[in-house]
Each structure stands twice: as C-alpha cells, then as structure tokens.
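Me: I would like to learn how to read a helix and its surroundings from coordinates. Can we work through one case?

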Amino acid sequence: MSDQDDEAATGSDTPDSGHDRDHRDGRGDGGGRGDRADPHDRGGDRGKDRGDRGDRGDRGRGDRSDRDRDGDRGDGSGEAPREPDVFAAADRGPLAGGDTGGAATARRALRTWASTAGDRHTSVQGDGTFFEGNQFFSVYGFGDASRFVRGPVPPETLAHLAQVYCEIAGYQRMKERLRENRVLVLCGEPGSGRKATALALLDEVTGGKVFRLDPRHGVDEITGEALQEGGGHLMELLTEDGRTEGEAPREGAVTARRPAARLSELHLDRFGELLRSRDAYGIVLVESGEPADRLMRGRYGTYCAPPPADEVLRRHLRERLRGEPAEALGAARALAARPDVVRALGLEELRPREAARLAEHLARHWRGEMTDDQLLAECAGFVTAQAREWFAGADRPGVLPEALPALNAGAFRIAVAVFDGSAYSLAAEAAELLAWELAVTLDPGQAPGRRLFGAHAEHRPTRARAVLEDGELDLGPAKVPVRAVRFRGEALAAAVLGEVWHGYHNVRGPVARWLRALCDDPRAEVWVRASVAAGVLCSWDWIHGFRELIVPLAVTDAPVTRLAAATALAESARDPRIRPAVASVLKDWAVSEDSTLVATALLAHGFVLAAGDVPGSLDALARVVRTCEPADGDVLVPASFSTARLLAAGEPEPVLRRLRQWLEDGRLNLANLVHLTVIRTLSTRTTHLWALRDVPELDEHAARPLLVALLATRPGLAPELAWLLRHTLATARSGGAALEALGGLLRRAAKDPEALGRVCAFLPRLAVDRRDRDRLRGLLNELVRDRDRPLDRSAARRMWDAVTEGANR
C-alpha cells in the first residue's frame, strides 16, 4: 500500500462523511429538525433509512475499490486467478477505509466509567437539611408570594458560624467595601461558601443583627419598611428554575423567576441609599455567569472564592469533636484522607457544605455510631446528591421559554458526562443538540433556537462543576492541542447519567436519540464516546437500552454506526450479569439473513468481552466464516478486522496458534480470513485496532503497523509471524495484496529508525528460500526505482543486506 493510500486510510473522514456532515448540520439548528421522523416509528421508515444509507455506503466502497484497482500490481505470472474483491479490501477497516481510531479515546472513556463497575447507583435520603458554605440551613417552603417577608437569622446560628467559619482571601477588603457602600454583591458558584461569608460579614458589621430578605422579589422591589434599622440584610436571588441556590426543589411549585440579569448598578444605588437611610447593610448573592461578570466590573460586585476545603473540614471536626480526646481530631482527618474514603467521595475537592457533611460523618464514625461500610456509603452519596440537585424539577414551570435556560444547563452537564476530559467544543456542540431534543420533547409545537452570546465558555463549566484546561487529543498518527473540559470529580459522570437514566423516564427518549445521532458522527472522538456511554446505559437497563440504542444502530448500512453498535454491545458485556444476554444476541445475529447484523456481530467479537475470552471470540468468528463464501467480503472484512484486533488485545499467542490451525484446516474461507488478517498486520496502524482492554506496552507504537508493534513488544512471536507472512506472500490469490502492503510497511520503516531496526531483524525470517529472496529483492528494487517516491537508498541497502542474511540462516 502506498504512502498516499496509507494517509487516506488514516484520515478522520470516511468517503461518505460529506453527506453525513451536511445531514448533521441541518439538524444543528432549529429549522433543520422539523422533518425528523417519529422516533416511535420502527417500521417502514427504518427500512427507508437503511435504503438511503445503502446508497451512501455503496459510493464509499466504490471509491475505495477504484483506488485499489489503480494500484493493483498484476504480475501476469500465469498463476491461479486471484480474488481481487476480497483482497483488494484487505486494508479496509469497518468504516469503509476511514479511521476507526479511538484507542486513546476509548481508554479515557473507560476510565470515566471505571467507577461504575460495582454498585452504580447509591441512593441517599435527605432530611430537609443542607449545608451552604461553612454553615447549614433548613429548607422552608414559601408562603404567599405577594407579601415581602423578612426573617432574622437565629443567634445560635451566628454563634455556630463564628466557631467554624474560615476567613477567605479578600475578606477584609470585602468588609471595607461593605462599610463604604452599604451594599455588596458576592459572586461565585453555588456551595462555594458565599452565604457563610455574607453572614459572617453582616454579623461583624452589625453586631449580630442579621436578617434574610424574601428571595421571591427583586432588589428593585425592596422598600424602606422592609429593612431593619441598624441591621444586616442578606438577599439571595432565585436561580433559573425558581429556587434559591442550594434549596431542594418543591414538586409542582411554580414561582416567578427573578434572575440576576434584572439586577443593575441603578438598582444597587437605590438599595444602598435605602440602607444608608436606615443605618443598615445589605449583601446580594449572585451565581457566577454573565450577570455576575457584568456586576464584578462595577462598584458593588466582588468574587467570593471558596475557602480551602481541608481547613473547613478541620474547623467543623474541631467543633463536632469538642470534648473528645486530643487524638480524635488527627484520627478523623487521617480517616478523611484514606484512599477508600477519597475514592468513595469521587470529588477532587469538597465544597464547604460538603466538607461540613463529611465532618459530621467522620465524627459519628469516631464515636462508633457509624461503621466503615456505612461511612463509605454516605460518602458515595455526595455525587448522587449533587446530580439530584442539578436535575430535580429542572424544566419547571414547563413553558419552553422559561424552561430553556435550565434545559441548556442540564444538557451541558449530560454532555460533559459523556465527553469528560475531551474537547470543550465537542461537549458544547453535543450539549446544544441535546438541548434541542429536550426542548422539542417538552414543547413539540415550538422549535427552540440557540442563543449566540449567552454563557461564556469561562463561566459555563462552573454550572457543571467542571473546569477548562489545556490538553491533548490523541488522533493516533498525531496529537493535537485542545481546550478540554472535565468534571472536578471522577464519580460525577456516572452520577449524572445514572440520575437521568433511572430518575426521569421521559428523558430517556431524547437522550437515546441524541446518542444515536452522535454515533453517526465519523469522528472517533465523538462516536466512540457516545457508543461507550450507550453501552453503559444498556448495562443499567438492558431490556430498554438494547431496543432503543443498539438495535437502531446495528440495522443501518452506515459502517460507523455498526461499529458503534458493536462497541456498545461490548461495553454492556462488561457487566457479568448482562454478558449472557449479549452473547445470546450475537449468536442470533451471526446466523441472521440481514448482513448488517452479521457484520455487527463479527465486529463485537473483536472486543473479547462478549465471549469472555480470546479463544471464545475466535470460535465465534470461525463459526460464521466457515459458512460464508470464500470471496464474501461482507463477512471476511469485519471478521479479519476483529481477528487483528484480538491480536492487538494483549493475548497474541492463542490468536497466532489459531491462525495456523485455520490454514492447516484446508478450507478456503478460513485460509482467506488468515491471509486478510496477516495483511492487516502490515498495513493497519496499531491505534486503529484499539481494543477496550488497555495494552500499555503498545502505546508508544500506536502509529506503527501492528506487525512492527508486536515485533517490538513481543519479539518471541517473530518466528510465527514470519511463517504466516511467508505463507500469505506465497499464496497466489493473496500474494499481490500482501506484497503491496509489505511495501507500504517498508516505506514507513525507512522513515522511522527504531522501526527500521525491527524490520531489518525480521526480514531474514522472510528470506528462507530462493523464491522468497527474489520476491523481496524485486520489491526493494521497485521501491528504490519509483520515480515519484523513491525509497531511501541507505535504508534500502540495510533491508537488502537483511534479505541476503536470510540465505545464511
């Protein structure tokens, strides 16, 4: 295979990707999706879709075969006729020549879901109490919204706060600005300690006369009568779903929103004059985002950074362990740092209210009121509580314009769960597509649009407890810099999808449609992520997920969706309880009259997981191949891809033994499978054969052909690899394609000093007899004399000497 062909095979777009991209772009904005078929129609529309995809797939295969015919070597030797329809596709992947890629993507995705292998859904029971900042408060329902309510903060609450509050950076400057302007706006993320800081400031400047103002009203509605003479007043603006931040949602409640966007410098000037006239002070809490960014550029706004979680935990522990022996505090802090506790929490850094909750659990554990298992279960509930808070009642009041901001926030959190650690641009675009699905499900009669200059990229991740950072995206042949987004906690991704999938049945439909659309994207970083997530959801509820997620992908003629279906099946089989169901499905599909289902089953066996081990996967592949025609590319191409993938999956020895057995079996279809697999080892980059089982030793050889990677990591396999390659080169029907693939490998090795050494050490094993040496020397002569891309002469000389060395073995 030529270098040009090789570069084409490693591209990220399939031959039909332009058609797919146009189709997706049409769905990307509100207008293009109006023609979407009813998702509940599983009959004639699906057949029509398959027909349309079949035309597209034929074009892709035609382009590839034309290219292969142009490069056919035809030696006119008079040997038995070859079967070009099979071996012309020897280097073609299941994506019709496109990049199956995704080795690094799959590894990152699996790390995301590694914590879901055991008990994936830990529930926690709330008691109506939540922690905000360094303090805890109880949830109270609203009364008549027409009355402006003012309530005092109990003295015991302020006294407790004085014992546990951790002064944050900039606290003294905040106090000066409050005394100067009478009003202060604290901006930050929910749970960052803003409320505790506001109460501490107001307590200090007023001597304990602190009041909370009715959050149902805006700052512009406050009157002098609502303010207490000489008092401090705390005002919390309602969030987009009508709740104060940190408040549990109230089922069925509908409250008018008072967003922070309504707050302006004019309102704050008026509020400050009212406070000054009453010798009082006021603090307004605003969540990070566009309004907060605007207010922080004014006279009143300031960012409230969260205090160090370790110090917050220490102070709460000191208060809760008061009266205990001196060693209690150190023992409790050591317990908090224990690896199993940290792993159970699944969060990089606790927010202040979470640190307060953890302190309570640690204190109870010290007193013998809680066992280790109970402590770990409570810690595992932290991320569950966070996910529940994010999604409970997120679409109230149910009218699209009012609910759209909350739907956008929820969609972004789900998208980060799927693309955790990937490019922010991919997660953000996926979130927009999901927000559209959620919106048209909520209000089918109204097509939503996209706000162009809404939440800034620097502020949006804070709504998902995520962070933006510089990273690298591994594309296989190259790594490119990206701006990545990730949760600040390994357990958040599973908690988010688990909460949505199990807690809200009506959300399953739009999420399933969204994942299926992502699985149709030719970019490996997109479809791999989506298919792994789909597999996780199926393992949580097989009876629903299989029919809604996997079957629609498997029955299409689009190669990428079939590979996505195979990936989802393999990921579902990771759960031992689901593995028998997956094995049964693959057994039925393997004998199906539908070629798409057969191909999907063959691809799924390349992941090992469905059959349980490598020999079982090879047995399943052989059963299908033995019943096919010797030149049936629809079976042999995916079967050879899976066989090569098994060879790269960490246990190559049983695969090589089985390949030899298949050759010795004497059946032509099995022999063709062996030859196609061997040719793949010459022409396919290791990264394109990614398996969902980490093989760390292959990482540094990801961009090299599989044969070179195996020679580097398993040198003891060289004799068996050489025997198989010699047999393939000497077979008339496969020899031409194998020799072309070997030429491509030699061209790559000439540009890679390490690979060149491996290849030169291997070539003597291919030059056992005179015919072998003549074949290899002829190939080297042809490569050196190529007028367009001549092989480097120094590298060719080393290869020539290695071939000559074979005569002396």
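**Reading helix α9**

Reply: Start with the outward side: on the face of α9 turned away from its buried side sit the exposed residues Leu-266, Glu-273 and Ser-277. Keep in mind that this is a predicted model.

Me: Which residues of α9 are buried?

Reply: The general idea first: an α-helix has 3.6 residues a turn, so residues three or four places apart point the same way. Here the buried residues of α9 are His-267, Leu-268, Phe-271, Gly-272, Leu-274 and Leu-275. They lie on the same side of α9 because they cover an arc of only 160° around the axis.

Me: What do the buried residues of α9 pack against?

Reply: Their partners include the helices α7 (171-181) and α10 (290-295). Strands β4 (183-188), β5 (210-213), β6 (232-236) and β7 (281-287) are also packed against by these residues.

Me: How many disulfides does a search of the whole structure find?

Reply: The test is a pair of cysteine sulfur atoms within 2.5 Å. The search finds zero. For Cys-187, the closest cysteine sulfur is in Cys-304, 9.2 Å away, which is too far for a bond. Cys-519 is in no disulfide either, with the nearest cysteine sulfur, that of Cys-538, 9.9 Å away.

Me: Is Cys-519 buried or exposed?

Reply: Cys-519 is buried, at a relative accessible area of 0%. Cys-187 also counts as buried, with 0% relative accessibility.

Conventions
Residues are numbered from 1 along each chain as its sequence is written. This is a predicted model: local features need pLDDT of at least 70, side-chain atom pairs count only at pLDDT 80 or more; totals for chains, interfaces and linings use all residues. Side-chain values use heavy atoms; hydrogens and water are left out. Buried means under 20% relative accessible area, exposed over 50%, partly exposed in between (1.4 Å probe, protein chains only). Helices (H or I, at least four residues) and strands (E, at least two) are DSSP runs, numbered from the N terminus. The arc is that of the directions from the helix axis to the C-beta atoms. Contact means heavy atoms within 4.5 Å.
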